[in-house]
Amino acid sequence: YKDIHKIISISILFFNLGRGEDYLYRGTTTFIGMNDGKPLIIKRKEEKVINGQKVIQFNDRNIFPEYYLIRVEKYKNIVRKKIDEWIYLIKNNNVKEGSTAKNIEKAVEKLAYINMSEAEKKRYQQFLINLHREEDILDTARNEGEQIGFKKAERKIQQAEDKAKQAESKARQAEDKSILAMMQNTDLTDEAIANILGLPLKRVQQIRSTT
């Protein structure tokens, strides 16, 4: 029972069911001990951290079914609460002006379609088909545009990388010339040349080994 889902049954009645003047009835399932007359209470074990301490609590859990009976003919078209807006819709096949119940705007759209003539329904369905086609065309164009944009960006990135490599190569060539000139025209050690030019010692030593 720890993983059971609560069931709520709603019956919409267009016929007289027993005696009673109300249009909305609610019934619940309870279990009473046949010996002690006390109700069965379902508990759920929950662990919480309070002030850094782990606390185990057992809270009441309402898992048994609930039943609702809506007696449409008894409803007097007076809206007092949110559920009345739906009952008004069921009885009158229309949404009462000013209704704000959750998702009732979807019922407005559905009713508008149901109340269409067959010719209007066909035109509306064709409109939806055309709308989906246009959306597909736009999506395709958008994807193609993105692919073109990606390719252009990739080309620009590649061009920038190529220019950076060329600039790096020219800089290395200039450094090599400076190192060679200092080696040929001075008696400086490799360490001194590296310090003057701000280059790694290994770089200077590598060039000396190739000359």
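Predicted model: local features only at pLDDT ≥ 70, side-chain atom pairs only at ≥ 80, totals over all residues.
Me: Which residue does Arg 26 meet in a salt bridge?

Reply: The N to O distance in this salt bridge of Arg 26 is 3.4 Å. The pair links distant parts of the chain, 40 residues apart, with Arg 26 in strand S2 and its partner in strand S5. That partner is Glu 66.

Me: Which residue forms a salt bridge with Glu 66 at 3.2 Å?

Reply: The 3.2 Å is the distance between the closest N and O atoms of the pair. The partner is Lys 6.

Me: Is Glu 66 buried or exposed?

Reply: Buried residues have under 20% relative accessible area. Glu 66 has 9%.

Me: Which residues do salt bridges with shared partners join into one network?

Reply: Glu 66 and Arg 26 meet in a salt bridge. Salt bridges that share partners build one network from three residues. Those residues are Lys 6, Arg 26 and Glu 66.

Me: How far apart in sequence are the parts that Glu 21 and Lys 74 tie together?

Reply: Glu 21 and Lys 74 form a salt bridge, their closest N and O atoms being 3.4 Å apart. Glu 21 lies in the loop between S1 and strand S2 (24-28), and Lys 74 in the loop between S5 and helix H1 (82-92). The pair therefore ties together parts whose separation in sequence is 53 residues.

Me: Which class of accessibility does Lys 74 fall into?

Reply: Glu 21 is exposed, with a relative accessible area of 65%. Lys 74 has 24%. The class between buried and exposed starts where buried, under 20%, stops. Lys 74 is therefore partly exposed.

Me: How are H4 and H5 set to each other?

Reply: The axes of helix H4 (residues 190-197) and helix H5 (residues 201-210) come within 8 Å and cross at roughly 125°. Angles over 145 degrees count as roughly antiparallel, and 65 to 115 as roughly perpendicular. H4 and H5 are therefore oblique.

Me: How many residues of each class are in the contact of H4 with H5?

Reply: H4 brings Asp 190, Glu 191, Ile 193 and Ala 194, which meet Leu 201, Val 204, Gln 205 and Arg 208 in H5. By class, the contact has four nonpolar, one polar and three charged residues.

Me: Which residues of H4 make the contact with H3?

Reply: Helix H3 (residues 118-185) and H4 pack at an angle of about 135°, with their axes 11 Å apart. That makes H3 oblique to H4. H3 brings Ser 178, Ile 179, Met 182 and Met 183 to the contact. H4 brings Asp 190, Ile 193, Ile 196 and Leu 197.

Me: What handedness does the crossing of H3 and H4 have?

Reply: The axes of H3 and H4 are 11 Å apart, at about 135°. As H3 passes H4, the crossing is right-handed.

Note on methods. Residues numbered from 1 in each chain as written. Heavy atoms only, no water. Axes fitted to C-alpha atoms, helices over the stretch in contact; angles between N-to-C directions. Helix = DSSP H or I, 4+ residues; strand = E, 2+ residues; numbered from the N terminus. Parallel < 35°, antiparallel > 145°, perpendicular 65-115°, else oblique. Contact = heavy atoms within 4.5 Å. Nonpolar A, V, L, I, M, F, W, Y, C, P; charged D, E, K, R; others polar. Salt bridge = Lys/Arg side-chain N within 4 Å of Asp/Glu carboxyl O. Buried < 20%, exposed > 50% of the residue type's maximum accessible area, 1.4 Å probe, protein only. Left-handed = near helix turned anticlockwise from the far one by under 90°.
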